[in-house]
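Here is a short note for a colleague who is new to reading structures of this kind. Please keep the sequence and the structure open beside the text while going through the points.

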Amino acid sequence: MRTICILSCLVFLAPGILQAQATDDTHERLKALEERVIALEAEIRALKAGQASPPAESAAAPTVGPPATVSTALAPTAAQVPAAAPGPSLAQLPVYSGESDTAKVFNPAISVIGDFLGAVGRDPNRSMPALDMHESEIGFQATVDPYARADFFVSIGSEGVELEEGYLTFTSLPGGFVAKVGKMRSGFGVVNALHSHSLPWTDRPLVTEHLVGGHEGLSDSGFSVSRILPAPKDVFLEATAQVFRGDAGDVFTATRRGDIAFVGRLRAYRDLTESTNLDLGFSYARGHNDVGTAFVTQLYGLDATLRWKPLRRAIYHNFLGRAELVWSRRQEEPAIQRAFGFYTSADYRLTRRWTIGGRYDRSDRARDALLTDSGFAPVITYWPSEFSQLRGQYRFTRYADGRSGNELLFQLLFVLGAHGAHSF
Amino acid sequence: MTQRSSSLRFAGLICALAFVLGVVSPVLARAASKLKVVTSTTDLAEFAAQVGGDRVEVESIARGYQDPHFVEAKPSFLLKLRRADLLITVGLQLEIGWLPPLITQCGNRNIQAGAKGYLDTSQFAEILEIPAGIVTRAMGDVHPFGNPHYWLDPENGRRIARGIALKLAEMQPEGAAYFEGRFQAFSKRLDEAQKAWDAEMKPFRGRKVVTYHRSWPNLTKRFGLEVVGEIEPRPGIPPGPRHTVEIIQMMKRDNVKVILVEPYFDLKTPNAIARETGAQVVVLLPSVGGEKEATDYFKLFDYDIALLTRAFQATQ
């Protein structure tokens with residue numbers, strides 16, 4: 001409104017002023033007015049974006065509850081509206097006039113990701129429906145206060161509604177620490193921390209299924225602390241320590257309260273050139289398994305990722321090669337099961353819209369390490385836009401018992417709402 | 001029992017490690033010497049360096065020849081961010097795909113959004129193409145708060161530089177006069193340069209151009225050029241045959257002879273259109289450092305205007 005007033009003043013005044021004398025002085029005044037319009041427009045944008053504009057922010061800082069003060073200030077306006085419109089049927093509906101507009105400002109960024117899967121072919125050990133709205137993930141993300149932000153991801157799948165992740169991140173801790181508290185995907189390896197829609201495949205690798213938590217990987221309630229460590233120049237070294245309740249997939253089971261699980265990860269990263277980089281990680285996880293409190297499962301993981309993305313043509317071509325190796329040591333009667341598994345994968349972006357890739361899988365089974373399954377899966381992905389993708393994957397699996405699975409999997413992913421971050 | 005006590009021992013070990021890292025590894029004495037400024041793009045780094053002079057140390061995350069929408073959130077950037085006193089961003093959701101996770105993970109409380117060391121310069125500039133009415137992604141990758149490529153108007157450059165100078169003065173009050181002086185010098189130099197640029201571009205006011213992406217509204221407005229179409233059918237959507245044919249027909253009908261392309265887009269479609277229409281493809285730089293010659297804000301405009309005037313003359 002104020003902008004419009006100022007603009008109309010400008011329009012009406014400008015000719016008169018210019019007629020009187022077209023001097024530098026009027027030029028200066030016009031310029032000053034222009035600057036004011038720009039400042040006002042910035043204020044409007046800030047209000048629309050939900051952040052207080054800088055001067056307003058500093059003024060609001062000492063008050064304890066900004067939302068409360070805003071709503072009381074607007075209370076008379078809100079009260080006037082129903083009085084002015086006492087129509088019987090309409091009055092039943094609550095009138096959210098000014099209040100809802102200001103309340104919206106503090107709403108979290110909401111996004112919905114749809115993941116639709118189709119499958120043809122046969123696999124003796126894995127049953128997937130022919131057509132399945134596999135997962136709908138709803139994300140809520142916002143800054144909580146000057147010290148923390150929160151992220152919630154609710155996953156609605158064919159088995160029901162589940163909190164996939166929901167955690168608070170303390171971004172303002174002293175000493176460069178970043179802490180997370182809540183339910184989260186554990187930081188064991190690379191692929192475990194990724195949501196299924198950010199994977200370069202329609203499924204998770206065999207090694208995840210056999211050794212690292214089953215179908216959906218390791219995910220548990222607990223807390224996580226990470227920090228960048230001192231390292232030689234240009235090397236990024238980060239340590240993460242996580243403590244969990246101890247119930248994760250079919251790997252960890254907490255029979256007693258004290259059966260907590262730990263995950264640790266050390267990550268080293270270096271830019272080799274401006275377009276190539278290498279990422280190495282070592283992970284360790286330890287928790288109690290379903291045999292009982294006295295039985296511990298330990299996981300050791302190594303991962304390596306090589307990325308190439310030429311900066312001038314970043315949206316057209318890139319390459320990602322990755323390998324993850326996992327050793328599992330599971331105490332049970334009568335003996336310890338030592339299993340090993342890995343996958344290697346490569347993805348290459350051919351054009352802005354097409355990506356091809358593939359994955360090789362091999363893994364022992366955690367409960368019977370003598371049984372080894374293996375497989376491979378070529379993948380092709382098409383991106384109509386940044387917000388949707390179509391994927392086809394052929395999956396061949398050879399099981400330890402000699403049987404094999406041959407499947408074609410199709411996936412459609414689409415994103416609504418807030419623009420999420422690109423995965424790295 | 002042994003299992004439990006070993007679990008506790010493990011927890012103790014982790015706590016000890018955390019203590020060592022947090023307390024023993026020194027929170028490096030932030031000697032009040034130079035302010036460490038990190039910017040998302042090279043242009044902002046240029047403004048910060050112009051007004052900050054010797055009192056600041058400036059580094060940009062993105063390179064000038066990189067698409068600022070698609071920078072990767074590399075961990076090496078966290079190393080820059082965690083020691084920064086001030087983070088300067090373009091805003092208007094230009095960096096939304098990569099900067100938020102970096103800010104969250106860097107463990108530096110001074111530069112979190114809303115903190116004193118976080119500056120979004122879009123608040124200072126004249127913003128164009130603010131969508132009115134309903135905004136949907138059917139329009140492509142639209143920026144709901146307006147076009148973020150606003151630094152390509154020298155007038156906005158001056159405004160951003162002034163905003164940064166004020167911010168630097170707020171963070172380092174003893175340098176306020178220094179920053180003000182440097183801003184005035186920059187502004188004066190910009191005045192001179194602007195006169196020259198305006199004069200060079202004057203003969204071509206009103207000329208029509210086609211652009212690849214909507215990166216140039218502030219530039220074309222300043223120099224009186226008219227953008228009549230984009231090669232992208234919608235922002236962020238790669239060109240398709242139907243839209244390309246429409247663009248070719250339109251260019252022939254309206255006698256449009258110049259196509260502006262950012263250095264990070266594929267030239268195949270623009271070249272094909274140019275062949276059909278007899279137009280010239282101009283790889284114009286949107287940012288400082290886009291080419292070796294464009295070392296600063298002035299050279300950026302020198303470079304772009306030289307290319308533009310040459311193309312307009314050739315297609316007179």
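The numbered points below take up the chain contacts, the two domains of chain B and one sheet.

1. This is a predicted model, in which local features need pLDDT of at least 70 and side-chain atom pairs count only at pLDDT 80 or more, while totals for chains, interfaces and linings use all residues. Residues are numbered from 1 along each chain as its sequence is written, and chains are lettered from A and ligands numbered from 1 in the order in which they are written.

2. Between the chains, 52 residues of chain A are in contact with 51 residues of chain B (contact means that the C-beta atoms, placed from the backbone, lie within 7 Å). On the side of chain A that touches chain B, at least two residues each come from helix 2 (24–49), strand 5 (177–185), strand 6 (219–229), strand 7 (235–244) and strand 8 (261–271) of chain A, and helix 2 of chain A gives the most, with 7 residues. Here helices (H or I, at least four residues) and strands (E, at least two) are DSSP runs, numbered from the N terminus.

3. Chain B is divided into domain 1 (35–194) and domain 2 (196–314), with bounds that come from an automatic or database domain assignment. The C-alpha centres of these two domains of chain B lie 25 Å apart, and 27 residues of domain 1 of chain B are in contact with 27 residues of domain 2 of chain B. Helix 2 (42–52), helix 5 (154–171) and helix 6 (176–201) of chain B are the elements that give two or more residues to the domain 1 side of this contact, and helix 5 of chain B has the largest share, 4 residues.

4. In chain B, 4 strands form an open sheet in the order 6-5-7-8, and the pairing is parallel (two strands pair if DSSP finds at least two bridges between them). Strand 6 (226–230) and strand 8 (280–283) of chain B stand at the edges, each with a single partner strand, so one side of each has no neighbour in the sheet.

5. Within that sheet, strand 5 (residues 208–211) and strand 7 (residues 258–261) of chain B pair in the parallel sense over 3 bridges, and Thr211(B) has Leu260(B), in strand 7 of chain B, as its bridge partner.
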